[in-house]
Amino acid sequence: MALVGDGIPGRGHLRRLVAHGRKVFGLGVWLGRVTDSRRAPRTAARLIATTVFYTGLLRIRSFNALEPRLGEKPFLGLVGARLDQERLCSVDTVGRCLCRMDPSSVRAVVIAMLAKAERNKVFREGWHGALRYVAIDGWEPFCSRHRHCPECLVRRVKVKAKDDSVVEVLEYYHRYAVALLIDERFDLVVDIEPLLPKDLRPVCVKGKGPTARLVKACLDEGEQTAATRLLKRVHETFGWIDVVVTDALYANGPFLTTVEALGMGAVVVARKETDEPLREALHQWADQAPHRVVEDAKARERIALWDCRDIETLMSYQGKIRCVRGSVTRLNRPEEDPSTWCMLVTGQATRLAPEKVLAVARARWHIENTAFHQWTTRWALAHVFRHHPQALRSLFWLFFAAYNLLTLFQYLHLRSYGRDCGKGVTRTLSRLVDLMLDELARSTGLDWDTS
Ligand SMILES: [Zn+2]
């Protein structure tokens with residue numbers, strides 16, 4: 001097979017990707033099941049969902065950029081619309097439909113794709129310790145000082161005024177807890193959950209019996225509250241995911257208790273040396289030489305490890321927690337201070353060797369580097385196509401379905417999307433999208449439905 005550009009073989013990628021999406025993942029069927037609540041619409045929700053899906057896949061950066069495409073035969077053919085019409089609809093219609101889409105019907109596209117990949121044994125071997133890992137983290141795609149919607153969170157920020165004085169202004173933003181399946185081959189989006197502003201948070205009952213009273217929240221929701229809802233749903237939907245990986249925000253008893261109640265394991269980065277159980281572990285390790293030293297020739301690193309099982313000093317967690325510390329020295333930079341990581345480990349993850357615990361915790365950067373950075377710089381996810389809570393969620397779901405399909409396609413068909421590609425991964429994906437856009441421009445509009 002001929003190689004072009006960045007090692008991407010052959011041509012006809014878009015055709016193969018469409019065929020792969022349809023045949024392997026039933027993409028046409030699932031996009032066809034997307035519904036909305038518009039009355040007697042002239043353009044069906046499935047066509048608009050498919051349009052937004054390909055807007056994400058082909059990285060069309062705005063509704064302005066999408067507008068001319070809605071009248072082009074190749075694009076109409078790609079989304080499965082009739083070719084004898086002048087244009088599919090206006091971008092206003094796309095926006096209106098997104099506001100009215102049933103989010104569960106859109107989320108089902110992503111769920112179906114992951115469930116099918118699992119049935120096809122894509123994740124069979126797992127990663128370290130043959131376990132499947134999901135990283136959870138907070139993501140803030142955009143903020144605005146002017147426009148807002150009922151689901152916007154709000155904060156006060158200090159800005160410099162024209163006369164150089166400092167003034168406080170309100171800033172509106174959306175934040176989501178995101179779950180990403182991580183392993184050495186690829187990262188796939190599993191689920192997202194918005195953080196709710198205070199007036200949309202559920203009213204809770206304080207006290208018991210006749211003195212009980214309903215209490216409205218006085219603060220916007222914290223990330224852990226949304227992440228807990230998210231993790232429960234992830235576990236309900238994808239029971240085969242074994243371990244959750246998080247940053248230090250989650251190094252607390254209530255979160256570890258939630259994870260344990262779900263029967264999952266946890267690898268949580270711990271930073272605060274004064275907080276239990278890290279405090280106790282550091283106390284025990286104080287004068288001890290490393291319990292284990294590992295040299296990784298490929299990564300050019302020497303890793304010193306300390307390991308302490310069965311710590312029970314965290315009062316808000318009924319169980320034993322393992323603490324691991326890894327100190328990493330770069331072999332080609334011996335003059336540098338080593339970088340040190342501490343992790344809390346529970347459940348099934350406790351069977352990992354300490355260097356594997358460290359590898360899993362360090363893999364959490366995928367979610368920030370590969371996913372969040374790529375979404376913002378390459379996927380136009382920071383652009384607000386339509387500022388409306390439901391429209392945002394539906395658009396993210398469709399873009400994430402496109403992201404997952406492209407990632408799986410590249411791994412399964414091109415095999416060029418390994419960690420071996422290092423920093424080239426994002427560039428390779430961009431090159432692939434460019435080739436697909438060329439291919440679309442040359443197509444006649446009739447040749448996509450190969451199912
Ligand atoms: Zn908003």
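**A close look at one strand**

Mentor: Strand β10 (residues 265–269) is mostly covered, with 5 of its 5 residues buried, where buried means under 20% relative accessible area, exposed over 50% and partly exposed in between, using a 1.4 Å probe and protein chains only. Strands (E, at least two residues) and helices (H or I, at least four) are DSSP runs numbered from the N terminus. This is a predicted model, in which local features need pLDDT of at least 70 and side-chain atom pairs count only at pLDDT 80 or more, while totals for chains, interfaces and linings use all residues. Residues are numbered from 1 along each chain as its sequence is written, and side-chain values use heavy atoms, leaving out hydrogens and water.

In a regular strand the side chains alternate between the two faces of the sheet. In β10, G265, V267 and V269 lie on one side and A266 and V268 on the other, and all are buried, so that both faces are covered.

Strand β9 (residues 243–246) runs parallel to β10 and is joined to it by 4 bridges; two strands pair if DSSP finds at least two bridges between them. V245 has V267 of β10 as its bridge partner. From β9 the chain passes through helix α9 (residues 253–261) to β10 in a right-handed β-α-β crossover, meaning that, with the strands pointing away from the viewer, the path from the first strand over the helix to the second runs clockwise.

Strand β14 (residues 339–346) pairs with β10 in the antiparallel sense over 4 bridges, and here the bridge partner of V267 is V345.
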